[in-house]
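Please keep the sequence and the model in view while reading.

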Amino acid sequence: MKKTNAFKRLFSLTLALVMVLGIFTVTALAKGNKEEPKPSGVISADKIEKSYEIAVAYDNSGSMYFSNNKPVSSWYQAKYAMEIFASMMDLDNGDKLTIFPMHAVTTDSSSAQTTQIDIRSIKDIDKIHNMYTIEALGTPYDPIDNAYEHLMDSSADERWLIVLTDGSEFTDVVDRNKKSCSLHSALIGLSKDVNVQYLPLGTESIVLKPKGRFYATEKQITSENMLQKELISACNKIFQRDELEGTLKGTKLTLDLSMKKLIVFAQGNGAEIISLKNSEGTEINRLVDSGKRTYSDKGAANKSAAVLPEKLKKQTGQVVTFDACRKGTYTLDCANANDIKIFYEPDVTMEFSFINKADGIPEDFSDGSIIAGEYTYKVKIIDNQTRKDVSNHKLMGDVSINSYITYPGEDPKPIEDDSEITFTPEENISFDISATYLGKYRLSTDDDSLIDWSNIEVLSKDSDLKVKPVIEQPGDWYTISDYKKWKPIRVELSLDGEKLTDEQLKQATISIDLKDKEKSLPYITEILPGESAINIHLGKNEKGEFCEPDTGKYEMSIGATAPDEYGEIVKSGTEEASFEIQKYSKIIKIIFWLIVAAIIIFLLSIPSTPSKIYLSVGTKRPSVQGAFSSARGFNVECISTDFRGKRAFSAQVKRKNTFFRNSWVLRWTSRSMTCYLSDITPTRATKLSLLNDGSKKVEISDGDEITWREGSKTYTGIVNINHIN
């Protein structure tokens, strides 16, 4: 019975709230949620990673080990140079290095001999270190030709021929008296097809003059210090890297520009690159690690007197390529390094855009087209991490940006940063935008694989036609009996935020779609010249006569079409308009629902038996207060087993206030007594609550067990709450 009463009260209350809310609901125009316009993107052309193939012509002739009856250092300097070149390459990602020694060598503990050593991974660098010449004899030119032919078969982006020789004599150069000129002419001839780097080793070597793509040192390389300097210079030329100077103070490395890669080359007695950490202590990932490279002691079988000096046996060099580093402060930990060189590759991109002067938003070229209009051209080189303009940064060297636009039938026209350009609908146009920095890096639209910048389509302006319906009828309510006073629905039109001209308005059309297609709703439209608006008159036929529509609620989708400035028809989106057509006025409807609500409220006030009461004991009489409920009256009684099923005591409850208040007075029919509430559930706050204090209240529910005392006797009973008949 208690559950039924509770459900009845809950249902009645919910229904009342729904009805009351319905009374005061005013139907308004429905406006669809529209997404914020997404900003147009800008196009960035990034530097393409180049693949490298290097072929080394390695002179391991007798003079590289012994000259003028004395041991020389050329052989182990050459091997160390090759190890460093290999360490600088990205071998694990496709770069290749191939060595063509002038005489047969072995590369491991086996006796297998070869005149071509392929270096394809970091592990292969050990082959260079272990290279052992079987018999060092004369200086043939053929290995240079072999290295050149090998490169001619390569498809790598960068092809380099490196010649490591002491240049004392080439046995197959015809003119011995002009051998330097002959070698010079030969290498310059090869440089027409591939890049050539010449390193003259030892005091007997020949110094050659660089020209074009033929690169050579200015002096003979006669010491380890000179070798290191020339290796750094050669690596910069070959791998397009530059040395980062003045930024390392102790272990603190300050980067004023984000780097795509950092290459650290450390040398010393037991030198080792331990880590590179950012300001938060996080280690930067190693892309390539050459490991510790040392001077090789593997010489030539017939030149056993040529040995590696003891002082160089503990000398090590290590090359580590670190991953991208954002602009900031870093800690570089290098143990036992007396010389540290850092090469850098800026992490930059060229960013250019055409800013629409109408809205200040960059035009989006992602579909290979541009909308006709007026634009401002912007171009710069930015830090890829911080997005800051670094066009004039000191680490970028000389920066050159060249931009050209070509219109149909015309020659390319240069455009500058901040220049204004007007695009009109016509045949396709082309852009050629490129930048160079540090004298060797290039960024260009030619390298953009996503968009064909040589074929950009100029489209007519994509005009934005909008409709705004306004229901002028008061309350959005049309009463059929009062049809002569009906107000129209006014549809206001705008194109790109501006009013339509009268000529455009004449060619405009309104489309109307009813959600409930079963309803009959006649209407006519009326153009309003000078107002950029069209009225929709409901309930009228083509003659302007009233035709009674169906009653009910209407949801109307309104759209339009109109010509733009080019005469092309533009279609708008749709907007919603909601209204009602009824036989009676809205006032009668409100009164009806007020009566319904009043009836429901009355039903809620009808008393029902509460499921629980609050019992308190005062100085004069006990009293009971009910929970949120109302009641005309009910009995509270306790049946005790001690009285053999008879009623031990009872009380009658009377309501004091019947409207939304719940207060009752309890009159006891038994003698004065002391009453306890037994601890019958684990949720009770106390095991036994003594009800002898008028300031305390205890909740008592139907079926609870209570204990009371009369005189010296204590009784236990069960509470029973019932209606009074």
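Cysteine 235 is buried, as its relative accessible area is 3%; buried means under 20% relative accessible area, exposed over 50%, and partly exposed in between, with a 1.4 Å probe and protein chains only. Cysteine 334 also counts as buried, because its relative accessible area is 17%. A disulfide is a covalent bond between the sulfur atoms of two cysteines. Here it is counted when a pair of cysteine sulfur atoms lies within 2.5 Å, and by this rule the count is zero disulfides.

This is a predicted model, in which local features need pLDDT of at least 70 and side-chain atom pairs count only at pLDDT 80 or more, while totals for chains, interfaces and linings use all residues. Residues are numbered from 1 along each chain as its sequence is written, and side-chain values use heavy atoms, with hydrogens and water left out.

**The chain as a whole**

The protein chain has 725 residues, of which 44% count as buried. Its secondary structure comes to eight helices and 50 strands; helices (H or I, at least four residues) and strands (E, at least two) are DSSP runs numbered from the N terminus. Among contacts between residues at least 6 apart in sequence, 69% join residues at least 24 apart, where contact means heavy atoms within 4.5 Å. The accessible surface is about 38200 Å², and 48% of this belongs to carbon and sulfur atoms; such areas come from the Shrake-Rupley method with a 1.4 Å probe, and for residues only the protein chains shown count as cover.

Asparagine 236 is found in helix H6, residues 224–239. Is asparagine 236 buried or exposed? It counts as buried, because its relative accessibility is 17%. Leaving aside neighbours within four places in sequence, asparagine 236 is in contact with Arg241, Asp242, Glu243, Phe343 and Lys440.

**Sheets and strand pairs**

Two strands pair if DSSP finds at least two bridges between them.

| Strand pair | Bridges | Bridge partners |
|---|---|---|
| E13 and E14 (residues 252–255) | two | lysine 249 and lysine 252 |
| E36 (residues 523–528) and E37 (residues 533–538) | six | threonine 525 and isoleucine 536 |

E36 and E37 form a hairpin with four residues between them, and glycine 530 in the turn has a positive phi of about 80 degrees. Another glycine, glycine 409, lies in the loop between E25 and E26. Glycine 409 counts as exposed, because its relative accessibility is 89%. The C-alpha atoms of glycine 409 and isoleucine 429 are separated by 9.7 Å, although the two residues are 20 apart along the chain.

**Aromatic rings**

A pair of aromatic rings is described by the distance of the centres and the angle of the planes. Rings of Phe, Tyr and Trp (its six-membered ring) pair if their centres lie within 6.5 Å; planes under 30 degrees apart count as stacked, over 60 as edge-to-face and the rest as tilted. The structure holds 24 aromatic pairs. In one of them, tyrosine 375 and phenylalanine 423 are tilted, at 5.4 Å centre to centre and 55 degrees between the planes. Tyrosine 375 lies in strand E24 (residues 373–383) and phenylalanine 423 in strand E27 (residues 420–423), so this pair ties together parts 48 residues apart in sequence. Both residues are buried.

How are the rings of phenylalanine 431 and tryptophan 453 arranged? The pair is edge-to-face, because the centres are 6.2 Å apart and the planes stand at 70 degrees. Phenylalanine 431 is in strand E28 and tryptophan 453 in the loop between E29 and strand E30 (457–459), 22 residues apart, and the pair links these distant parts of the chain. Phenylalanine 431 is buried, with a relative accessible area of 4%, and tryptophan 453 is buried with 3%. Ring pairs link Phe352, Phe354, Phe365, Tyr375, Tyr377, Phe423, Phe431 and Trp453 into a cluster.
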